[in-house]
Amino acid sequence: MKNICLFWALILTASLTACASRFDGSRTGNENQLIMEYEILNMTDTQNLELKDGDIVHFDVTSKSGSVAISLQKGEDKPIYEESDIPTSTFQVAIKDSGTYTVSVTGHKAKGSVSITKESTAKENSSSKTDEQADSKDIEISDEE
């Protein structure tokens, strides 16, 4: 009986340590941007962006391995951009309706980076870049089990 319990304990331990990491990388996000660099991304991350009619959202995706999917939507509306298995690429989306938009980045065994930034068409003072950087949340995460 002891041998059987020991056997199952070893199996359980092996299975828990074999779990893949969900995220290993860095993340910066605020109402104007989401920037992620990752060695592994096996999860969905979201960020709310405050966008106005006429704003342009720039996407810069580097896909080294695995796959990454991105969506951009306002509230419960249909996504204005949604794509999966995005290769290394740069593209932009024009905003036609002001509001809070949620950008979602989902990775499956992904390695690479994603930079999603807002280019505002409204006149802003020269200190906006400094304010944007001050509001940024830099997070270094390594979630290995």
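Let's start at one spot: Thr44 sits opposite Thr106 of strand β7. Strands here are DSSP runs of E with at least two residues, numbered from the N terminus. Strand β7 covers residues 99-119 and pairs with β3 in the antiparallel sense over 8 bridges; pairing requires that DSSP find at least two bridges between the strands.

Before going further, a word on the source. This is a predicted model, in which local features need pLDDT of at least 70, side-chain atom pairs count only at pLDDT 80 or more, and totals for chains, interfaces and linings use all residues. Residues are numbered from 1 along each chain as its sequence is written, and side-chain values use heavy atoms, with hydrogens and water left out.

Now follow β3 along its length.

Gln47 belongs to β3, residues 44-51. Gln47 counts as buried because its relative accessible area is 14%. Beyond four places in sequence, Gln47 has contacts (heavy atoms within 4.5 Å) with residues including Arg27, Asn30, Leu34 and Tyr101. A polar atom of the Gln47 side chain lies 3.2 Å from the backbone oxygen of Asn30.

How confident is the predictor? The protein chain averages a pLDDT (confidence in each residue, from 0 to 100) of 83, and 70% of the residues score at least 70. Over residues 14-18, however, pLDDT is below 50. Residues 123-142 also stay under 50. Where pLDDT is low, the predicted coordinates should not be read in detail.

Notes: pLDDT is the predictor's confidence in each residue, from 0 to 100. Helices (H or I, at least four residues) and strands (E, at least two) are DSSP runs, numbered from the N terminus. Buried means under 20% relative accessible area, exposed over 50%, partly exposed in between (1.4 Å probe, protein chains only). A polar contact is a pair of N or O atoms within 3.5 Å; within protein, one must be able to donate a hydrogen and the other to accept it, and residues adjacent in sequence count only if both atoms are side-chain atoms.
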